[in-house]
Amino acid sequence: MLDKELRSMIGDVKDGRMDRRAFIQRLAAVGLTAPLANQILAIGGVAMAQSPNVYKPTKRGGGGPLKLLWWQGPTLLNPHFATGTKDQDGSRIFYEPLASWDEEGHLNPILAAEIPSLKNGGLAADAKSVVWKLKPGVKWHDGKPVTADDLVFNWEYATDPATAAVSVGSYADITVEKVDDLTIRILFKNPTPFWANAFVGAYGCIIPKHLFAEYKGGKSREAPNNLKPVGTGPYKFVEFKPGDLIRGEINPDYHMANRPYFDSIELKGGGDAVSAARAIIQTGEYDYAWNMQVEDEVLLRLEKGGKGKTIYAIGGDIEFIAVNFTDPNTEVDGERSSLKTKHPILSEPKVRQALAMLVDRDSVKKAIYGRAGRTTANYLNGPEEFVSKNTKWEFSVEKAGALLDEVGWKVGADGIREKDGKKLKLLFQTSINGPRQKTQAIVKQACQKAGIDMELKSVVASVFFSSDVANPDTYAHFYADIEMFQIPMAQPDPALAMRRYHSRYVATKENKWQGQNFPRWMNKDYDAAIDAAENEIDPLKRADLYIKCNDWMWQDNVMIPVMHRIKVGAASNTLHPVVSGWANDLDNLQDWYREA
Amino acid sequence: MSQYILRRLMIAIPSLLGISLVLFVVLALAPGDPFSELATNPNVPPEVQQALRAKFGLDDPIYLRYLSWLSAMARGDWGFSFVSRMNVDTLILQRLPATLYVVGSSQLLALLIAIPVGVYAATRPYSIFDQVANTFAFIGFSLPTFFTGILFILIFSVKLDWLPFVYTTDIKATGIHWVIEQVRQAIMPVMVLGLFQAASMTRFVRSAMLDVIRLDYVTTARAKGLGQRIVIIKHVMRNAMIPVVTLVALQMPAVFGGAIVTEQIFRIPGIGSLLISSILANDTPVIMSVTFVFACLVVLFNLIADVLYGWLDPRISFR
C-alpha cells in the first residue's frame with residue numbers, strides 16, 4: 001500500500017522539504033497514527049523526535065521534598081532482582097537505563113547521548129545490531145565515570161544463570177560488545193525489528209561494575225550495594241527499609257540540566273489503595289500514589305475534596321477472558337487440559353461466539369472500571385499503529401441464545417441449556433481481586449439469562465500466578481473452562497505480548513506448564529504470521545502482521561477482551577508528574593516538578 | 001527455683017522443635033510461590049520463574065528443606081527473604097522498634113485504664129459507675145480494630161485534620177518536635193489497640209476482684225478495722241492480680257508480634273505488617289522466622305508468668 005509515495009515522503013522529510021508534522025498529518029489522513037509515523041521515519045533514516053517535554057523549572061533543586069505513597073512498598077533495590085513493579089520503581093529512583101518510554105511511547109534518552117537510528121548509524125539496515133552511545137561525563141553517585149564497561153558488565157551479570165537475575169529475559173538472546181569507552185554494540189542472532197529492549201525501561205537500569213563485579217553469579221545476594229544503591233539517577237540514596245521506606249536526596253551532579261526539581265524524595269510503602277488515595281486527594285499528606293485500584297465511584301467522591309486529582313496514562317494492558325480449547329475434565333497421561341483432548345463444549349466456534357456476546361463490557365466499565373478502562377474488541381490495544389480497526393463487539397443475550405440454539409444447545413426444563421442429555425455448565429476461574437470478582441458476577445448473570453450454568457472460582461493471586469508444577473490451580477494449568485486475568489504490556493511493542501499464543505508455546509505437562517499459550521489455541525496462520533513478524537524489518541508490513549494476528553484471535557474468540565485497562569495514579573493538584581502508560585510510574589522521574 | 005526454671009527450659013526444647021516442624025510443614029504445603037508477579041510480565045520468560053524456584057530450593061523435598069532450615073537456625077543463620085533477598089534477622093530487627101513502641105504503649109494504656117476502672121467498678125458493683133464502665137467495655141470489645149481504626153482516620157484525619165494517618169519512621173524534626181511528632185502519629189493506633197484491649201481487660205479485672213472481695217479473709221480484714229484503701233489494695237488486689245498476670249504475660253508476645261490489622265491500616269512498619277506482606281507474597285523464610293520467634297516468646301512468657309505466680313502467692317510452690 002502507498003509504498004512508493006510513502007518512501008518519497010520519507011525522503012522529503014529527510015531532506016527537509018517536508019516537515020515532520022506534515023508527514024504525520026498525511027499518514028493520519030490514511031488512518032495511520034503518530035507513533036507509527038514516527039517509527040516509519042526512524043527506520044527510514046530520520047532521527048526520532050525527542051519527546052515533547054515541557055519542563056518548566058529553570059534551576060536544579062529548590063522544590064522541597066517529593067513524597068510518594070506506594071501501597072506495596074519496594075522490598076529490594078537491585079533492578080536485576082526486581083520481581084514486581086514496586087521493586088522496579090524503588091530501583092528506578094537511583095538507577096537509570098539508557099532510555100525510557102515517554103508518555104506517547106517514544107524513546108526518551110536518559111544515559112544515552114541519542115536514540116539510535118538508521119541516520120545516525122545506530123541501527124543496522126539488516127536489524128541485526130544496535131549501537132548505543134553513552135552521554136559523556138555521566139558519573140555514578142560515588143564520582144566514578146560511567147563507561148561502556150559498565151554496560152557490558154550488566155549484560156554479563158544478568159545472563160549469568162547463577163546470579164538468578166529476573167532481567168535475564170531482556171539480555172538472554174543478545175551479545176554486547178564494547179566499541180570504545182562510551183559506545184557499545186548489541187548483536188542479535190536474528191533480525192530484530194524491536195531492538196529497544198535491553199538497556200531500556202525498567203529492566204534496562206544499569207548498575208555500576210566497580211561495586212558489583214565481585215558479586216556476579218552465586219554471590220549476587222551478598223553484595224552490600226543491593227541495599228545501598230549507587231546509581232546515576234536524579235536522587236542519591238539515603239535510607240532503605242524494605243517494604244516500608246526509601247529516602248533519597250538530590251544528586252547535585254545530575255547529568256540533565258535544571259533537573260531534578262525536588263531536594264529530596266521519600267517513598268513510603270504499605271497499606272491499601274483506598275487510604276492511599278485519601279492521603280493524596282483528601283488530606284494532601286502525600287504528593288503522588290501509584291496504581292489506584294479503587295472503584296471509580298470512590299475516586300470521584302474523594303476528588304470533590306480538591307487537594308488532589310487522579311491522572312491517567314494509556315498503555316496496552318488488557319483484562320481478558322481466555323477460553324480453554326482442551327478438555328479440563330478429562331485426564332490423559334496424568335494431565336488435564338491435555339492437547340490430546342478437545343473441549344466438549346467450547347471447541348464449537350459458535351459457542352465461543354455466544355460467550356463473547358455475553359460479556360457486557362459496557363456494564364463492566366460503568367460498574368467497575370469507570371475512567372480506568374476502555375471497552376474493546378481487540379486483544380492488542382496499543383501502540384496505535386498495531387490496533388485493528390476490523391473488529392467489533394456487541395452484548396446481546398438474544399443473539400447469543402440464537403447461536404446456542406443453532407448448534408443444538410436447547411433450553412431445558414430448568415432453564416439451563418442441554419444437548420444430548422448434557423447440561424451447558426462452565427467453570428469460570430480468576431485470581432482473587434475485587435474488580436475481577438465483580439466482573440465474574442456480571443458475566444455469570446448474563447450467562448444465566450442465556451441458559452448457561454456458570455460456576456465461579458477464584459484463586460489467591462500468589463497461587464494463580466505461581467509456577468508451581470504440582471499445583472492445579474495456576475492459570476497455566478488452566479483446569480477450568482474459561483479464566484480471566486490481565487496481561488500488561490511492558491513496552492510499546494506487541495512482539496512479546498503476541499508471541500505467547502504461538503502453538504510452539506502451548507502449556508503442557510511436558511514443559512512443566514511453562515508454555516505461555518495457556519488457552520492451548522493452535523492456528524497455523526497465526527504461527528506463520530508471528531514468525532514472519534518477528535523478523536520483519538518493514539514497520540508497515542510488521543504492523544499489518546500483528547493486526548492480522550489480533551483479528552484471528554478475535555475471529556476465533558480465543559480471548560474475550562473485557563477491558564483495556566488504563567493506568568491510574570493520584571497526584572496532588574500542584575504536582576506535575578510525567579507518567580507513561582508504556583513505562584512504570586517513576587520511569588520519567590527526572591522530569592517531575594511542582595507548579596508554583 | 002533455679003532448678004525449676006532449668007527443667008522448664010529443657011521441656012521447652014522438644015515443644016519448640018515440634019512447633020517448628022508443624023509450622024514448616026504447613027508453610028511448605030501451602031501452595032504458591034513468591035515469584036507470581038513475574039508470571040504475566042511479557043519481558044520475563046517463564047523459565048526465569050522456574051529457575052528461581054529451583055535456586056531457592058522450593059522444589060526440594062520437604063524433609064530436606066526442614067533439615068537445612070533447622071541446621072541453619074541452630075547456627076544462628078535465619079536465612080534470607082526470597083522477596084527482598086535480605087537476611088531475615090536484619091529485616092525483623094528493622095521492624096521491631098515500631099512494633100514495640102506502638103503495641104507496647106497500647107498495652108500500657110490498656111493496663112492503665114483497665115486496672116483502676118476494673119478495681120473501682122468491683123468495689124461498687126451495680127453502681128452507676130459500674131454500669132457505665134460495663135457498657136463501654138462491651139462496646140469496646142465488640143468493635144473490631146479495623147472498624148475503629150478507619151473511623152478514627154475519618155474523624156481525626158479527614159474531617160478534623162488533627163492527626164496524620166500515615167505513620168512515618170523518619171521524622172524530619174529534632175529535639176522536642178521529634179518527640180511531639182512521634183507521639184502525634186502514634187495517638188490513633190495506640191488508642192485503637194489500647195481501648196480494645198482495655199475493654200476486655202476491664203471485664204477481667206472486675207470479675208477477678210469480685211471473686212476475691214467476697215472471701216472470708218477480706219471480711220476479717222475489714223472486721224479488724226482496716227480502711228477500705230488498705231483492704232482493697234493490700235489484701236484484695238494482690239490476690240486478684242494472679243489471673244490478670246497470666247493474661248498480661250500471655251499478651252506480651254503480641255507486643256513483639258505486632259498487630260496485623262492495625263499496622264496495616266496506619267502503615268506502621270512493624271512485625272505484623274511484615275508478617276502479613278510475607279504471607280501474601282509466600283515469603284516462607286520470613287513467615288517461618290516471625291512465627292517461630294513468636295512461638296519462642298509464648299513459651300518464654302508462660303514460664304515468666306509461672307514464676308510470677310510464686311512471687312504473688314507464696315503458697316504456690318515450684319516442683
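Good morning. I shall begin with an open sheet of three strands in chain A, whose order is E4-E6-E5 and whose pairing is antiparallel. The model under discussion is a predicted one. At the edges of this sheet stand strand E4 (129–133) and strand E5 (174–180) of chain A, each of which pairs on one side only. From one strand to the next, the twist averages 20°.

Let me turn to the pairing itself. Strands of a sheet pair through backbone hydrogen bonds, in either a parallel or an antiparallel manner. Here, E4(A) and strand E6 (residues 183–188) of chain A are joined in the antiparallel sense over five bridges. As an example, Val130(A) has Ile186(A) in E6(A) as its bridge partner.

Which helix lies across E5 and E6 of chain A? That is helix H5 (residues 148–159) of chain A, and it runs at about 165° to E5(A). H5(A) comprises 12 residues and reaches 17 Å from its first C-alpha to its last, close to the 16 Å expected at 1.5 Å a residue. Several of its residues are buried, among them Leu151(A), Phe153(A), Trp155(A) and Tyr157(A). Asp150(A) and Asn154(A) are also buried. The buried residues of H5(A) pack against E5 and E6 of chain A, and also against helix H6 (168–171) and helix H7 (209–212) of that chain.

I move now to chain B. Its secondary structure consists of 12 helices and zero strands. The C-alpha trace of chain B spans about 85 × 60 × 40 Å along its principal axes. Of its 319 residues, 38% count as buried. Among contacts in chain B with a separation of 6 or more, 71% are between residues 24 or more positions apart.

Is helix H1 (residues 2–29) of chain B largely in the open or largely buried? Of the 28 residues of H1(B), the number buried is one, so this helix lies largely in the open. As for its length, 28 residues at 1.5 Å a residue should span 40 Å, and the end C-alpha atoms of H1(B) are 41 Å apart, which agrees.

Finally, the contact between the two chains. It takes 53 residues from chain A and 48 residues from chain B. On the side of chain B that touches chain A, the elements giving two or more residues are helix H2 (46–55), helix H4 (88–123), helix H6 (145–159) and helix H11 (271–280) of chain B. The largest share, nine residues, comes from H2(B). By class, that side of chain B has 23 nonpolar, 16 polar and nine charged residues. Thank you.

Conventions: Residues are numbered from 1 along each chain as its sequence is written. Chains are lettered from A and ligands numbered from 1 in the order in which they are written. This is a predicted model: local features need pLDDT of at least 70, side-chain atom pairs count only at pLDDT 80 or more; totals for chains, interfaces and linings use all residues. Two residues are in contact if their C-beta atoms, placed from the backbone, lie within 7 Å. Helices (H or I, at least four residues) and strands (E, at least two) are DSSP runs, numbered from the N terminus. Ala, Val, Leu, Ile, Met, Phe, Trp, Tyr, Cys and Pro count as nonpolar, Asp, Glu, Lys and Arg as charged, and the others, Gly among them, as polar. The expected span of a helix is 1.5 Å times one less than its number of residues. A residue is buried if 20 or more other C-beta atoms lie within 10 Å of its own, exposed if 12 or fewer, and partly exposed in between; C-beta atoms are placed from the backbone. Two strands pair if DSSP finds at least two bridges between them. Axes are lines fitted to C-alpha atoms, for helices over the stretch in contact, and angles run from 0 to 180 degrees between N-to-C directions.
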